[in-house]
Amino acid sequence: MTHALELRALRKNFGKTEIIRGVDLAVEAGERVAIIGPNGAGKSTLFNLISGRLEPTSGEVLLHGQRIDGRRPYEINRLGLSRSFQITNIFPKLSVFENLRCGVLWSLGYRYSFLRFLSNLDDANERTEELLRQVHLEKKRDVLAMNLTYAEQRALEIGVTIAGGASVILLDEPTAGMSKTETAHFIALIKQVTVGKTLLTVEHDMGVVFGLADKIAVVVYGEVIAFDTPAAVRANARVQEAYLGSSVADAQAGGH
Amino acid sequence: MTKNVAHDGFEPVGSPAGHAERARASQPVAYYRFKPWNIGRVLIWTLFAVGLIVAPLIFRSSLALTMLSQIGYLVIICLSYNILLGQGGMLSFGHAVYTGMGAFIAVHAMNLATKGAVPLPLVTIPLVGGLAGAGFAILLGYVTTKKSGTTFAMITLGIGELVAAMSLMFPGFFGGEGGVTTNRVYGTPFLGLTFGPQIQVYYLIAAYCFVSTALMFAFTGTPLGRMLNAVRDNPERVEFIGYDTQWVRYLAFIIAGFFAGIGGALASINFEIVNSSDSLSTIRSGGYLLFTFLGGATFFFGPMIGAVLLVLASVLLSELTKAWLLYLGLVFLFMVMFAPGGIASLIMMNLRVARFGKFHRLWGLYGALVLTGAVMVVGAAALVEMIYHMQLNAALGPKLNFMGVELDTSSVASWAGAAALLVVGVALVEAVRRRFVAVWGHAQEEIELEVKRRETA
């Protein structure tokens with residue numbers, strides 16, 4: 001059977017440094033997977049390899065059974081994979097509405113058209129209004145993205161990511177830099193907007209991880225050392241040794 | 001478009017099915033489309049058209065007509081340049097390649113048509129130029145738009161130099177140092193117009209100016225136009241929402257090339273001569289950049305102001321003083337430092353203040369700024385003119401006429417007087433400026449609060 005997303009013996013070297021050292025991972029459609037691991041373990045690199053930002057040194061990435069490694073980010077996106085960024089990555093001089101509409105356009109087949117007006121694209125505008133409501137930014141509709149608060153920008157980031165209706169969503173530390181209450185709201189929002197989709201998220205906050213994920217992948221030094229349900233991962237001796245018991249995890253626990 | 005033809009402009013958006021779906025989402029149908037006529041927009045475009053039509057009736061001298069003609073095609077060129085700079089974030093140093101090539105192809109098309117080799121009436125020549133501009137943009141733009149930012153700027157500079165240098169190697173096509181001449185009066189008159197008299201040429205330019213401006217404005221409201229803004233803001237993110245950034249830039253580059261070619265062709269019709277060392281030069285490209293920036297790249301209409309300034313500076317200011325390029329450079333310098341959004345942004349910022357009813361506080365300060373600024377400028381200009389006089393016209397004696405006053409470069413009094421004016425002017429301007437900044441900042445704070453209040457209300 002085909003998985004929504006599958007990594008096979010994926011490797012990435014920067015010069016002589018091995019960052020990703022043979023990752024195998026198979027995510028079923030509709031699963032929510034959290035990727036955890038200490039700083040520098042290669043979580044973000046993994047996302048960059050999957051989304052086409054980086055090209056793997058060797059190995060394969062399959063989206064719904066189709067090879068996507070080595071493809072350009074926009075090609076991968078058109079095949080139904082969308083990602084957000086750890087550092088907010090939106091269009092600062094466009095309004096919230098325009099930001100979201102940009103995310104919608106390709107998926108509705110408007111491509112590079114310059115022979116029709118945006119204001120007449122009823123389906124795109126309706127979808128954008130719906131997205132505005134989903135990420136609770138209706139009141140900021142015409143505000144430039146650069147004038148939003150940090151939490152609003154993060155919400156917009158999610159909105160742009162899901163706008164194209166991709167079936168596989170990658171969220172890179174969606175709650176980074178948020179306060180505890182903001183984080184709680186935000187997790188609820190993420191759950192809402194990704195219903196029925198395959199979700200991969202990099203997360204540091206253990207509370208979030210255990211609340212959000214069906215499965216957890218633990219990445220340490222460029223390898224997936226465990227990939228299982230939260231309870232099983234918690235009980236996994238290797239994980240406890242390598243990650244949860246480490247000083248990093250202690251610091252994390254203390255920090256939140 | 002066809003979807004809405006049957007409606008009178010007032011209709012709930014969405015099908016009955018969509019209705020039910022939204023009702024389930026506990027959100028009422030939140031918006032209606034009601035914009036059958038955008039009154040403000042119609043008014044502005046009507047005013048623009050009327051302005052183009054009546055301008056030569058108000059400014060009747062032949063100099064004015066020459067200037068109006070130049071403004072007409074420079075508006076097209078500066079707007080086309082702003083598709084790259086303002087809308088796409090592409091700093092091009094080679095826009096003259098596309099205006100210039102449009103002009104050369106147009107001249108050759110006119111000459112061929114005169115011989116009867118091609119059936120092209122004069123009114124279609126700008127389109128020929130436009131297609132030439134687009135064609136060269138297709139040819140050269142693919143390499144140019146491969147990268148954005150600094151790399152893009154460097155490549156445009158290189159290609160600009162390349163084309164300019166190459167033009168001297170093909171005198172058959174580019175006419176060498178002397179350029180290529182033509183005669184715009186050929187064939188059968190179009191609706192009784194021979195396009196011999198300048199006024200007829202002006203109206204040809206004005207017609208193309210209006211249509212091109214409208215088309216370029218329409219472009220800003222299309223999917224490609226919006227994605228171009230997105231590419232300007234954050235090219236990396238665009239790649240992750242399904243768009244190939246190079247393709248977006250390339251298509252925009254071709255469209256800009258098309259309108260640049262139209263502008264170039266109109267210029268060649270206007271002057272009946274094209275010269276490669278002028279039309280294709282990097283200096284020309286730099287001029288488009290400079291005045292587009294001065295007019296304001298962040299608003300659609302900014303480059304139109306830039307085009308007007310370009311003609312005023314190159315025709316009038318250059319008549320008034322030999323030091324006009326120095327003044328121009330200083331203005332550009334101050335603009336980059338204090339108002340990077342150009343004149344258009346200054347206008348829009350003040351309109352915003354006026355819309356919130358706070359402009360009355362600024363009248364006096366603006367008056368004071370103008371007066372004190374005038375003192376400063378007169379002082380500085382007197383010094384500059386005296387220095388220029390010593391350098392260029394020393395043989396004519398030490399005396400020169402400056403704004404009706406006789407200055408003497410050999411007398412201490414002239415120098416001291418000018419310097420005193422400058423010092424006093426600078427001091428006064430600085431005093432007024434501080435007061436202005438305080439009042440302006442206060443008004444902005446009040447506006448921000450007002451905006452917040454409206455948002456929450």
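User: What does the secondary structure of chain B come to?

Analyst: In this predicted model, chain B comes to 19 helices and six strands. Its C-alpha trace spans about 90 × 65 × 45 Å along the principal axes, and 38% of its 457 residues count as buried. Of the contacts in chain B with a separation of 6 or more, 77% are accounted for by residues 24 or more positions apart.

User: Why is α4(B) called roughly perpendicular to α14(B)?

Analyst: The axes of helix α4 (residues 62-88) and helix α14 (residues 282-295) of chain B cross at roughly 85° and come within 10 Å. Angles of 65 to 115 degrees count as roughly perpendicular, and therefore α4(B) is roughly perpendicular to α14(B).

User: Which residues of α4(B) and α14(B) meet, and how do they divide into nonpolar, polar and charged?

Analyst: From α4(B) come I77(B), C78(B), Y81(B), N82(B) and L85(B), which meet Y288(B), F291(B), T292(B) and G295(B) of α14(B). Six residues of this contact are nonpolar, three are polar and none is charged.

User: How do you know that the length of helix α5 of chain A agrees with its number of residues?

Analyst: Helix α5 (residues 150-163) of chain A has 14 residues, which at 1.5 Å a residue should span 20 Å; the end C-alpha atoms are 20 Å apart, so the two agree. After α5(A) comes G165(A), which has a positive phi near 75°.

User: Why is α5(A) described as mostly covered?

Analyst: Of the 14 residues of α5(A), 11 are buried. Among them are R154(A), L156(A), E157(A), I158(A) and V160(A). The elements that cover the buried residues of α5(A) include β6 (81-83), α3, α4, β7 and α6 of chain A.

User: Why is E173(A) called buried, and why is R111(A) called partly exposed?

Analyst: E173(A) has 21 other C-beta atoms within 10 Å. A residue is buried if 20 or more lie within that distance, so E173(A) is buried. R111(A) has 13 such atoms. A residue with 12 or fewer is exposed, and those in between are partly exposed, so R111(A) is partly exposed.

User: What is the phi of R111(A) and of E173(A), and where do these residues lie?

Analyst: R111(A) has a positive phi of about 45° although it is not a glycine, and E173(A), also not a glycine, has a positive phi of about 45°. Most residues other than glycine have a negative phi. R111(A) lies in the loop between α3 (96-105) and α4 (122-134) of chain A, while E173(A) is in the loop between β7 (168-172) and α6 (180-193) of chain A.

User: How many residues of the two chains are in contact, and what makes up the side of chain B?

Analyst: In all, 32 residues of chain B are in contact with 36 residues of chain A. On the side of chain B, α1 (2-5), α10 (223-233), α11 (235-239) and α12 (245-271) each supply at least two residues. The largest share, eight residues, comes from α10(B). The residues of this side of chain B divide into 15 nonpolar, nine polar and eight charged.

Terms used. Residues numbered from 1 in each chain as written. Chains lettered and ligands numbered in written order. Predicted model: local features only at pLDDT ≥ 70, side-chain atom pairs only at ≥ 80, totals over all residues. Axes fitted to C-alpha atoms, helices over the stretch in contact; angles between N-to-C directions. Helix = DSSP H or I, 4+ residues; strand = E, 2+ residues; numbered from the N terminus. Parallel < 35°, antiparallel > 145°, perpendicular 65-115°, else oblique. Contact = placed C-beta atoms within 7 Å. Nonpolar A, V, L, I, M, F, W, Y, C, P; charged D, E, K, R; others polar. Expected span 1.5 Å × (residues − 1).
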